Structure formats: structure tokens, C-alpha cells
Amino acid sequence: MMSLRNHLSFAMAAVLVAAGLLLALALQDFPRRLVEDYVVSRLQHDADLLYVRVLDASDPETAAQGAAGTVYQLPLSGHYFLIRIGEGPWLRSRSLWDEDLAVPLPDARGEAVFRLDGPAEQTLLGYAKRFPSPAGGILVVVTEDVARLDAAIASFGQRMLVGLVLALLLLLVLQRRLLLRGLAPLQDAVAACRRIERGEPAALDSTAPREVQPMLDAVDRLARHHAQRLGRIRHAVGNLSHALKTPLAVLQHRADELAHQGHDDQARAIQAQVDAMRNTVERELRRARLAGGGPTSAGFDARNQLEALGEALRRLHAGRALDIVLEVPDRHYPLDREDMLELFGNLLDNACKWARSRVVLRVASAVEAPDALACTIEDDGPGVPPDMIGRLGTAGLRSDEQRPGHGIGLVIVGDIVTQYGGSIDYAPSPTLGGLRVSLRLPL
């Protein structure tokens, strides 16, 4: 989904580009129309003057040549006139020399404005008008070379287009900076929510714009309310769990008595229920601690703390000569240290319990996983049957009843991963042949 910042940026950029295109088209057309209107007005005056001079003249050609200015007498000057009285021959200005012009006839209104190619590669703007006369009408055509004006207009348009492009680029940059500045309070709110999610203290900015401040206040109130409610739940679960300890101790004592009296079946039945209740209590206490955890203190230094954990496991399994390989980058994660030690402790202890001789923990570097704690744990043990691998982490599941433990370690791992919004995957190890655990916790 496109972000609000990009959506607004694209929308505002599209508006600016559209406005720029319209302005560019206007700049291309408006100067040309302005110049043509000015030239046509001059041609109209010349046409009126020629009509007045030839209307009652005894020698129309002499009258026309004398009435026109010197520009109509210079050869190929670009200023030309053609006059036709009734159906008589065309009277031509001396500036035309021996050239002919294929001029269009006026329309029904008796006037016409047109462009045509003239001699010497000239571009002529012409004006034709039919005037009334007793001889059947007088048609006057006057032209002016506008090639230089066209070149000047084209040059002006190119300069304006370059300036317009530069102005648009500057406006786009300014618009982007203003948008980032305007949305900065939202980024602060997102960062504060993420700190709250990680259990860190988060103070929201109280100087945000008026439109954003109500949302920040609501998020702040929601965070405080959420923390207070989790605290109450945590205390309630803790009190309940502590209240169950005494009945559990009584039941444990009763199971021991029955076993001592030789009632093994009844003792095992009670002992199984006691173990199940203890596991449930331990698990719910763990969930309550995760849910109501306070701010993270020092974070998790992966290399130092995992090496210490690995050393403890080597001492614990000293009799088996396990090779515990740790490939861990020197990286600090903003995660609760106790949670991570319990998570990795359970995973590594489970791998050591099943491994024949080798356990490998590899944590991805900051380049490989910049926004997450990602790792794999593999062992060369017997692995997990395919029908059980999908149920690993389920409460009460034990793959081997002969091995010590209550089957709660991977359940706790699953709870921690869920609490941090991460993912965990169990699969056969392609390199060591045992179990491979793939873990990813977003930061």
C-alpha cells in the first residue's frame, strides 16, 4: 500500500506538472497571437489607405504606388500589396518585383487573415478585404514578412520553457520538504508507538500541529490505559498463581504419601495432574510477565550474552563433549535481555539435549537482517518425525517421554515470539541432519 507521504507527493506533483504544462502551452500561444494581432491591425490601416487612394483615382496604379510607403517599393522587402478593381487586372506593389503570390480570397464577411510562403523564403502574414465600389468592388491584399518575429517568439518560448522547468523542479523540492516537515509529527507518533511496543518509555511531542495533536494525545492516553490494564491483569494472574501453590503442595504431598503406601496408580494419576497444573501456572505467569513487562533496561548484546549462555551449556553438558558453535555478530538489539536469554536458553538447551555432537547457532548480521533479529539453530540429532514437526511448541507435547522435562520450553519460546510479533519455523536441518529452528523477531 502506498504511504500517505508518497500519495500526497505524487498528487501534488501531478497538479504542479499539469499546471506547468498548461502554462507552457499558454506561453507558446499567447505571444504569437499578440504579435499577429498587432501586425494585422497595421495591415488593416494600409489596406484602408490604399482603398481610399484608388477609389476615385483616374490612374489607380499610380495612386496606389504613391500612397504606399517606401517599404512597398523596396524589392522583396516583405511588404507587398495586390489590388484588383472589379474583374480587372491585379495591381502589384513594386516590392514584389516579378514574384507572384497565391493569395486566398476573402470569406463571406469580405475579410481574410492568412499566412503564406513568400519569395526569398519569407513567411508572410496577409490581410485581404473586399471594399465596395461602383466598378464591382475593390479587393485589397497586403502582407508583411513575420519570419523574424516568429524566430523571436520561438526563442522567447524556449527561454520561458527552461525557466518554467527549473521553477517546477524547485517547487517540487520545496513541496517535498514541506510535506516531510508537515508529516514529521506522524513519524514521531509511529516511533513512539514502536517504543511502547518494545516496552520502552515513550513521550510524545506536545508541540505538534493542531490537526495532528489530538491523534498524538489519543495515542498517549491509549498507551497509558493499555499499560495500566496490563498491570492489573498481571497482578491478578500472579495472585491467582500464588494462591494455587498451596493446594498444589497439598496434592503433591498426597501423591507422595500414596506412592509411599504402594498405591502407585493413584499416585501417578495425581502426580500427572499436579505436573499439568504446575506447567499451566508457570506458563500463565510467564505470559503475565511478558504482557505487563516494564521498560527495557539495557537491551540485548547478542555476542556477549550468547557466548556466556553457550559457555554455561558447555559446562552443563560437559560429559557429552558437545561442540556448540556460535556465529553471532557484535550487535545490540533493543529487546528485553531476560526474554532473549530465556528464548535462546530454551532453544539451545533443546538442541543440546537432542544433539549427538554438534549444535550451531547463527545470527544474521545487520546487513542481512537490518530490521530484525534473525537466526537459525541446528543440531545433528535424530530430528523430529514429520507428523510431529508441525505441532512443536504445542503445550504438553513431548517427542520423547524418556527424556527429562515437561515439554514446556518450546511453548515458552512460542509465547515470547508471539509477544514480539515474530515468527518461528521448525524443519529438518539440511546440513547437520537434525532439527533446524528458524527464528525472526522484528525490531
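Residues were classed by relative accessible area as buried (under 20%), exposed (over 50%) or partly exposed in between, with a 1.4 Å probe and protein chains only. The model is predicted, so local features need pLDDT of at least 70 and side-chain atom pairs count only at pLDDT 80 or more, whereas totals for chains, interfaces and linings use all residues. Residues are numbered from 1 along each chain as its sequence is written, and side-chain values use heavy atoms, with hydrogens and water left out.

Salt bridges were assigned where a side-chain nitrogen of Lys or Arg lies within 4 Å of a carboxyl oxygen of Asp or Glu. By this rule the structure holds 14 salt bridges. One of them joins R115 to E36, with the closest N and O atoms 2.7 Å apart. This pair links distant parts of the chain, since R115 belongs to strand β3 (residues 111-117) and E36 to helix α1, 79 residues apart. Helices (H or I, at least four residues) and strands (E, at least two) are DSSP runs, numbered from the N terminus. E36 has a relative accessible area of 22% and is therefore partly exposed; R115, at 36%, is also partly exposed. Both residues belong to a network of salt bridges that links R32, E36, R115 and D150.

R268 is bridged to D265, the closest N and O atoms being 2.6 Å apart. R268 has a relative accessible area of 52% and is exposed, and D265 is exposed at 59%. E311 is partly exposed, with a relative accessible area of 37%, and R314 is partly exposed at 30%.

Aromatic pairs were defined for rings of Phe, Tyr and Trp (its six-membered ring) whose centres lie within 6.5 Å; planes under 30 degrees apart count as stacked, over 60 as edge-to-face and the rest as tilted. Four such pairs were found in a search of the whole structure. Y51 and F131 form a stacked pair, with 4.2 Å from centre to centre and 10° between the planes. Y51 lies in helix α1 (residues 4-55) and F131 in strand β4 (residues 123-131), so this pair ties together parts that are 80 residues apart in sequence. Y51 is buried, at 14% relative accessibility, and F131 is buried at 6%. The pair of F300 and Y333 is tilted, because the ring centres are 6.4 Å apart and the planes stand at 35°. Distant parts of the chain are again linked: F300 is in strand β6 (residues 300-301) and Y333 in strand β8 (residues 332-333), 33 residues apart. F300 and Y333 are both buried. Ring pairs join F300, Y333 and F344 into a cluster.

Strands were taken as paired if DSSP finds at least two bridges between them. An open sheet of five strands runs in the order β7-β9-β10-β12-β11, with mixed pairing. The edges are formed by β7 (323-327) and β11 (423-428), each of which has a single partner strand, so one side of each is left without a neighbour in the sheet. From one strand to the next, the twist averages 10°. Within the sheet, strand β10 (residues 372-379) pairs with strand β12 (residues 435-442) in the antiparallel sense over seven bridges. I377 has V437 in β12 as its bridge partner.

Two helices pack on this sheet. Contact means heavy atoms within 4.5 Å, and axes are lines fitted to C-alpha atoms, for helices over the stretch in contact, with angles from 0 to 180 degrees between N-to-C directions. Helix α6 touches β7 and β9 (358-363), and its direction makes about 175° with that of β7. Helix α9 (residues 409-419) touches β11 and β12, its direction making about 140° with that of β11.

L443 is located in the segment after β12. With a relative accessible area of 30%, L443 is partly exposed. L443 and P370 are 73 residues apart in sequence, and their C-alpha atoms are 8.7 Å apart in space.
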